[in-house]
Amino acid sequence: VDASFTDAVTGTRQIRMLGLDGKYSQIQVDNLPGPRGLSAVKGLMFIPGDWVNEIHISKGAGTATQGYESITGQINVALKNPETADPLHTNIYVNGAGRTEFNYISKHDVSRRWSTAVLLHGLTNQTINDRNDDGFLDTPMQRNYVARNEWKFKGDRGVRGEYALTAVQMESAAGQVGAFEPGDAWTDYMGMLEGPSAQWSAITELNRVEATAKTGFIFPDAEWRSIGTQWSFYDHHHVHRFGRNAYDGRERFFRGSVLYADIFGNTNHSFTTGLTFLYNDFDEGLEFAQDSLMLTYDVTRTERVPGAFFEYIWSGNERWSVIGGIRYDQHNLFGALVSPRFHARWSVTENTSWKVAAGRGYRTANPFMEQLGTWASQRQWIWGLSSTVRPEIATNFGTNLTSKFRLNYREATLTLDAYSTQFENKLVVDLDQSTQAIHLNNLTGKSFANTAQAEFNWDVHRRFDVRLAYRWVNAHTDRIEGNPTEDPFVSKHRA
């Protein structure tokens, strides 16, 4: 897993797994949908570091219960909540470049059954910095606010509930120094969204409201049996203007799930099954400058996806455990989506384990937002796709070997990983075919990402640890017109 910069224009960071962009990883927040869709690039900014309690990573396609969008892995960010948060946590950060940041977390027991947590994050920077005198801001001016309120319910008869409301407002301004005047208010900067300034500027405004609810019931006489529901909704609005090019996108998302967990005979054979329904509505407005003309486009898409899943877990042997799952989703645009998933773990010895994983995933590309940095240029978007929109489809399989042992009486670990992701279809973004355009095409050849990694950890001394690691990545996508096929900006070797 890498945390890398998406591009130098926006300065946003993304998670990369197994040699592929973060959009192919399914990022969740408290086991509910996280950054995705129009928030795939900037979504990590909605999760302030102080809010994070734990991060769980699953390499490969992952579980079938969380949807069909996972391809390279699942990352679940567990936030601090009424059970895990400190009673009160605050911090303030200020630096010489004008950035001021404030974080606040508190939890409160409202009654015997209800408790709540309040999480606040604020960041402002209105200082015009150009220390290298190149005429452009060194860092964007920005104003970010994120607020979350979560409630937990513990009933006396096995009923549990978690309910949260999150609000996000983010504004940023960058570009040539002459486009901004000291003392200007944020309303002046945001006014540039209506029309380009005399000098080049990059203005962004983002507003988001999210509501989630999880309710479960554990049967008192059978702790292995439970039934629950999960609901997630958000309204996401993103507007930006980079120079003369402008974008106005809105996404409305809803996913509801009903889950039932039980056993077959005894706890060695357990299963989880359920039904889901996903609604995703996109409305994107594009405005491009071409010489003295302004070209406008409207791109809309509405997805309705009912689905069902079944996952079986076998743990009847001390050395073996197997998880097999399958999903069936009926997409209103793409038809039937079948997502098989398989995981197995074998304890070769008491200190050595071997894992294998395989699975298939689907996702819908949102190129106008996923290629956010390209808006800074005056390139034209050329949609070379056929009239039939196709989803991105990939199969991932891999293996992992982990061994713990003692070296010179001190604990050591050796981990070997090998994974391969093979695409059946992919949205190919070609920036090399023309310097004047961005070409979008469905995959006509091959696309894959193969990765292998070796890692050695050794507790050399009680005050001295050593970690040695090497990773090899071969990421390849066939592009038209004989252009280079290796994926750009992907390090083949890293140690």
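## Close-up views of a predicted model

**View 1. Glu287 and Arg241 meet in a salt bridge through their side chains, at 3.4 Å from N to O.** A salt bridge here is a side-chain nitrogen of Lys or Arg within 4 Å of a carboxyl oxygen of Asp or Glu. The pair links distant parts of the chain, 46 residues apart: Glu287 is in strand β15 (residues 266–290) and Arg241 in strand β13 (residues 226–242). Strands (E, at least two residues) and helices (H or I, at least four) are DSSP runs, numbered from the N terminus. Glu287 counts as partly exposed because its relative accessibility is 25%. Arg241, at 5%, counts as buried. The cut-offs are under 20% relative accessible area for buried, over 50% for exposed, and in between for partly exposed (1.4 Å probe, protein chains only).

This is a predicted model, in which local features need pLDDT of at least 70 and side-chain atom pairs count only at pLDDT 80 or more, while totals for chains, interfaces and linings use all residues. Residues are numbered from 1 along each chain as its sequence is written, and side-chain values use heavy atoms, with hydrogens and water left out.

**View 2. Arg36 forms a salt bridge with Glu69.** The closest N and O atoms are 2.9 Å apart. Arg36 sits in the loop between β4 and β5, and Glu69 in the loop between β5 and β6, so the pair ties together parts that are 33 residues apart in sequence. Arg36 counts as buried, because its relative accessibility is 11%. The structure holds 28 salt bridges.

**View 3. Glu455 and Arg467 form a salt bridge, with the closest N and O atoms 3.7 Å apart.** Glu455 lies in strand β25 (residues 447–461) and Arg467 in strand β26 (residues 464–477), so the pair ties together parts 12 residues apart in sequence. Arg467 is exposed, with a relative accessible area of 60%. Elsewhere, a network of salt bridges links Lys23, Arg363, Glu370 and Glu392.

**View 4. Four strands make an open sheet in the order β4-β3-β6-β5, with mixed pairing.** β4 (32–33) and β5 (52–59) stand at the edges. Each has a single partner strand, so one side of each is left without a neighbour in the sheet. Strand β3 (residues 25–29) runs antiparallel to β4, joined by two bridges. Val29 has Leu32 in β4 as its bridge partner. Two strands pair if DSSP finds at least two bridges between them. Strands of a sheet pair through backbone hydrogen bonds, either parallel or antiparallel.

View 5. Strand β16 (residues 293–314) pairs with strand β17 (residues 320–331) in the antiparallel sense, over eight bridges. Phe309 has Arg327 in β17 as its bridge partner. β17 is also antiparallel to strand β18 (residues 335–349), with 12 bridges. Asp329 stands opposite Leu337 in β18.

**View 6. Val348, Trp354, Leu401, Phe405, Leu407, Leu414 and Leu416 make a nonpolar surface patch of about 510 Å².** β21 (392–407) and β22 (410–425) are the elements that give two or more residues to the patch. β21 gives the most, with three residues. Phe405 lies in β21 and counts as partly exposed at 31% relative accessibility. Patches are made of residues with over 30% relative accessible area and no salt bridge; like charges are joined within 9 Å, and nonpolar side chains (Val, Leu, Ile, Met, Phe, Trp, Tyr) within 5 Å. Accessible areas come from the Shrake-Rupley method with a 1.4 Å probe, and for residues only the protein chains shown count as cover.

**View 7. The second largest pocket has a volume of about 1,400 Å³.** Its lining holds 49 residues, and the closest to its centre are Gly11, Thr12, Arg13, Met45 and Gln142. β11 supplies the largest share of the lining, five residues. A pocket is an open set of points on a 1 Å grid over the protein atoms alone, where a 1.4 Å probe fits, with protein on both sides within 12 Å along at least five of seven lines; lining residues have an atom within 4 Å of a point. Grid points are joined across faces, edges and corners, and the volume is the space filled by probe spheres set on the points.
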